[in-house]
Amino acid sequence: MVFIAIQTTIVQNWLIGIATKKLSKSLGTEVSIKKINVTLFNKLNLDGTLIRDRQKDTLLYAGALKLRITDWFFLKDSADLKYIGLDDAVVKLQRKDSVWNFQYIVDHFASPKSTNTKNGITLNLKKLEFNNIHFIKNDEWHGERMTAKLNSLLLDADNINLNKGIFSINQLNLDHPYFEIANIHELRPDSIRIKDHQTNTPDTGLQFNTGNLLVHLKKLNIKNGTLSVQGNDKKPLPYFDGSHIYIQQLTGHFDEVSLIKDTLHCIADIAAKERSGIEIKRLKTKLTINPHIIELAKLDLLTNKSRLTNYYAMKFKHFNDDFSEYIHSVTMVAKFTEASVYSDDIAYFAPELKDWKKQININGHFEGTVANFSVQDLFARIGSGSYISGSLAMKGLPNLNKTIINFNNGTIKTNYNDVVLFAPSVKDMKVPDLTTLGDALFKGNFNGTIYNFTSNGTITSGLGGVAVNVTMQIPQKKDITYSGNIITNHFNIGKFLRISQLGYVDFTGKISGSNFDIEKLKTQIEGKIASLDFNHYTYSNITTNGTFQKKYFNGEVKIDDPNMNFNSNVEVDLSKPDPSFNILGDLVNANLKVLNFYKDSLQLTGLLDIYFTGKTIDQFLGSAKFLNATITSADTQLSFDSLNLTSGYSADSVKFLKVGSNNFNGTIAGKFTILDLPNSFQSFLHRYYPAYFNEPAKIAVNQDFTLTLKTDYIEPLLQIYDKKISGLNDMDISGRVNTVKSIFQLSALVPYAKYDQYAVSGINLNCIGNYDSLLLSGNISDIQIKDSLQFPNTQLSIKASNDHSVVHLSTSTNNVLENVLLNADVYTLNDGARIHFNPSSFILNEKKWNLDKQGEIVMRKNFVSASNVKFIQGFQEITVETDEEEGGNTNNLIVKLKNIFLGDITALFIKNPKLEGITNGEIYLRDFYGPFTAEAKL
């Protein structure tokens with residue numbers, strides 16, 4: 001009967017009530033179990049188990065505890081714990097001194113060591129199922145708080161031998177596990193802390209597996225877990241903080257997990273997010289963890305914007321201490337193969353890089369801390385075609401300004417588009433033109449900090465090669481110092497500087513000095529140009545040597561070329577508000593034809609003396625002189641004392657610009673800017689003839705000046721330019737331009753001028769114009785065409801506006817042709833002109849000819865036409881018409897003659913022999929813009 005009664009729920013709960021009351025009284029605290037259900041001898045269910053500590057705080061609470069064990073286990077040497085279930089449990093282990101809050105239970109059940117050597121029952125655990133578990137270990141004595149929580153835990157074991165510490169588990173599933181370890185204020189005095197270390201338990205050589213457990217877990221699944229490591233109570237940094245690690249949304253699958261001694265091995269597939277923002281989207285690796293290393297072999301890591309492959313490890317002495325000083329204390333070892341790293345991800349650990357915004361593909365072997373690392377066999381690809389290779393070591397990060405960089409046996413290849421990615425401000429740089437470099441390749445070394453370094457190597461590009469060896473120091477509160485050598489090899493400096501006249505250069509030079517601020521700049525430059533292309537000629541043997549100090553430059557330039565021998569001294573003073581320039585040069589010889597400055601043979605020698613002040617050409621004040629000059633052509637030698645260009649202000653503060661020599665003098669005086677002089681003239685001429693003169697790029701404003709040009713015996717100088725030119729001596733030209741009041745005036749007196757077989761004398765012309773129109777009037781005493789045709793006393797009047805000119809011309813020849821009156825409207829076109837004749841007449845051999853109808857001739861490129869052009873004198877007629885050939889060629893004219901007195905016409909050209917008779921026929925004028933021909937059928 002007793003046996004049967006014990007198996008009933010009423011009796012079991014009555015007995016357990018007596019036992020818990022007795023135990024509570026014995027322990028001096030509360031111990032209670034709401035309900036018990038025991039089946040002898042293999043089943044136990046406990047509901048509402050509560051144990052409080054001596055401070056009446058909960059030590060243990062278990063909502064439900066279920067246990068299933070082998071039948072009649074107490075009669076056997078070993079038994080299987082088939083199932084342990086625990087629901088809604090809370091465990092609180094606490095202490096503020098050396099005694100834990102559960103120590104009273106340990107002491108109560110303690111008994112003297114038994115001398116019986118018989119082994120107890122060996123229990124093998126098979127299955128665990130925990131739900132809603134909360135474990136707290138609050139160790140204020142040692143200054144550490146550990147918290148663990150989970151929604152559920154399901155363990156399926158093959159063999160768990162608690163006596164031997166062997167755990168062989170098939171599968172473990174954790175749902176919403178939470179684990180936190182935090183450093184808190186330590187109540188243990190320093191003196192006791194030292195003593196505790198000295199009297200600690202025997203050293204097993206193990207740090208976190210002090211029980212020397214042997215664990216093998218085939219499969220571990222974690223769903224939505226959280227890991228928190230709080231090294232102190234300070235506010236976490238906004239980026240990755242090793243003292244405040246908070247990983248959430250941790251989901252993973254771990255295969256073949258083993259714990260042997262202090263080393264944990266597994267094959268992991270993990271995803272998680274860290275408080276700083278760094279996200280592990282996927283981590284597949286062969287993971288090894290021990291107290292000094294976290295190793296990820298066969299790594300495939302995908303983060304926010306990066307992907308790392310192959311191998312990565314973090315080495316440390318003490319996890320909490322070293323990770324709180326991650327940049328300096330955690331040594332990283334990495335072997336990357338085609339890794340893709342984005343700077344935003346690095347910035348979670350080194351925030352100084354947050355604005356870099358760059359992606360790099362990396363191969364190489366990395367070892368060291370963030371603050372001190374080296375990379376061997378480095379190959380990094382950046383952008384579309386840029387890469388870097390070599391060996392790199394950096395010591396001093398995250399303070400980039402003080403970081404020592406050693407980049408040796410390096411190769412850097414880049415291009416303009418990739419440079420712009422790293423330095424967007426380069427887009428605004430027009431000169432030099434970096435786009436012309438194409439793919440630039442640097443091979444060499446860089447050693448030092450960005451403020452104190454030495455760099456040497458070679459650069460090859462689409463423009464040529466450059467070799468450099470430069471040392472530079474950039475102290476914070478002292479002058480920058482630098483020195484080095486530079487060599488160019490067939491480098492196209494013209495394209496680089498956007499100067500079309502320049503070409504390739506071979507240069508070897510040295511530079512040394514201090515500071516780049518022009519106020520403090522002190523630089524010594526020495527160099528030799530072996531060859532320089534300029535104006536399609538290659539100069540050789542050019543040397544330079546100069547010093548720039550405190551806004552003052554003094555140096556020399558020498559050119560010892562077979563076709564140019566020139567020596568000069570140059571002084572530039574920038575210390576005053578208006579800088580001054582002084583250049584003295586000796587041009588021993590210059591062959592202008594070979595140098596491509598002139599089409600014919602021409603030699604030039606002389607002395608150059610230039611002195612002027614001003615920041616721009618419009619502020620130019622001073623003079624430029626070419627002295628004791630000699631110009632020698634193939635058959636002429638001309639010498640002159642000086643050619644002067646002078647700019648300044650007169651006594652009454654009127655600005656002037658003068659140019660003059662023995663042969664001519666010219667002056668511009670008034671209100672003007674030198675750079676706007678061409679625009680001043682062009683703005684008027686465009687109003688008169690827009691087909692020939694484009695609108696100026698810049699409107700010249702506030703220009704009001706006069707100009708004069710007077711010549712003496714200038715003919716020899718002009719004939720050096722063109723042998724067909726004669727005269728133009730004693731010429732006098734004057735004028736005025738006012739862009740404010742719209743005034744354009746010009747007058748010219750030319751005694752005599754000739755070009756080839758055309759000669760004029762007694763030219764007197766006057767132009768008066770404004771922004772609307774131009775009126776030109778004047779007379780020419782004589783016009784001579786070859787030896788046979790002469791027009792004396794020519795009067796000319798032209799009114800021009802917007803490509804329309806009203807022309808009136810009167811002239812005559814000696815005796816034969818008189819009273820020529822020609823009236824026409826001339827319309828200028830982009831490629832020619834259209835002449836519309838108004839009633840005109842002339843007297844030929846005392847016979848008056850008339851052009852009554854309003855005829856028209858159009859002459860354009862590849863097109864000539866005539867209509868209604870007919871001269872009549874009685875029964876004589878001269879008609880000009882278009883002659884269109886087969887194929888549509890309209891570049892021909894036909895002159896038809898009817899009843900023409902031959903003697904009247906030929907008297908203009910031929911005096912002897914005298915031709916007489918009446919002529920009829922046609923004259924064909926062909927190809928005005930090609931090989932012109934004339935054919936007569938009379």
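Where is the place of Ser243?

A: Ser243 is in the loop between β10 (214-230) and β11 (244-260); strands are DSSP runs of E of at least two residues and helices are runs of H or I of at least four, numbered from the N terminus. The model is predicted, so local features need pLDDT of at least 70 and side-chain atom pairs count only at pLDDT 80 or more, whereas totals for chains, interfaces and linings use all residues. Residues are numbered from 1 along each chain as its sequence is written, and side-chain values use heavy atoms, with hydrogens and water left out.

With a relative accessible area of 7%, Ser243 is buried (buried means under 20%, exposed over 50% and partly exposed in between, with a 1.4 Å probe and protein chains only). Beyond its neighbours within four places in sequence, Ser243 is in contact with Val229, Gln230, Gly231, Asn232, Phe323 and Ser324, contact being heavy atoms within 4.5 Å.

Confidence is given as pLDDT, the predictor's confidence in each residue from 0 to 100. The mean for the protein chain is 84, and 91% of its residues reach 70 or more. Helix α1 (residues 2-6) has the lowest mean, 57, and strand β38 (residues 732-738) the highest, 95. Over residues 197-204, pLDDT stays under 50, and the model has one contact beyond four places in sequence for them. Where pLDDT is low, the predicted coordinates should not be read in detail.

Elsewhere, the structure holds 21 aromatic pairs, in which rings of Phe, Tyr and Trp (its six-membered ring) have centres within 6.5 Å; planes under 30 degrees apart count as stacked, over 60 as edge-to-face and the rest as tilted. One of these pairs, Phe681 with Phe744, is edge-to-face, at 6.5 Å centre to centre and 90° between the planes. This pair links distant parts of the chain, with Phe681 in helix α10 (residues 677-688) and Phe744 in strand β39 (residues 743-755), 63 residues apart. Phe681 is partly exposed at 26% relative accessibility, while Phe744 is buried at 7%. The rings of Phe684 and Tyr771 are stacked because their centres are 4.5 Å apart and their planes at 15°. Phe684 lies in helix α10 and Tyr771 in the loop between β40 (758-769) and β41 (774-785), 87 residues apart. Both Phe684 and Tyr771 are buried. One aromatic cluster includes Phe672, Phe681, Phe684, Phe744 and Tyr771.
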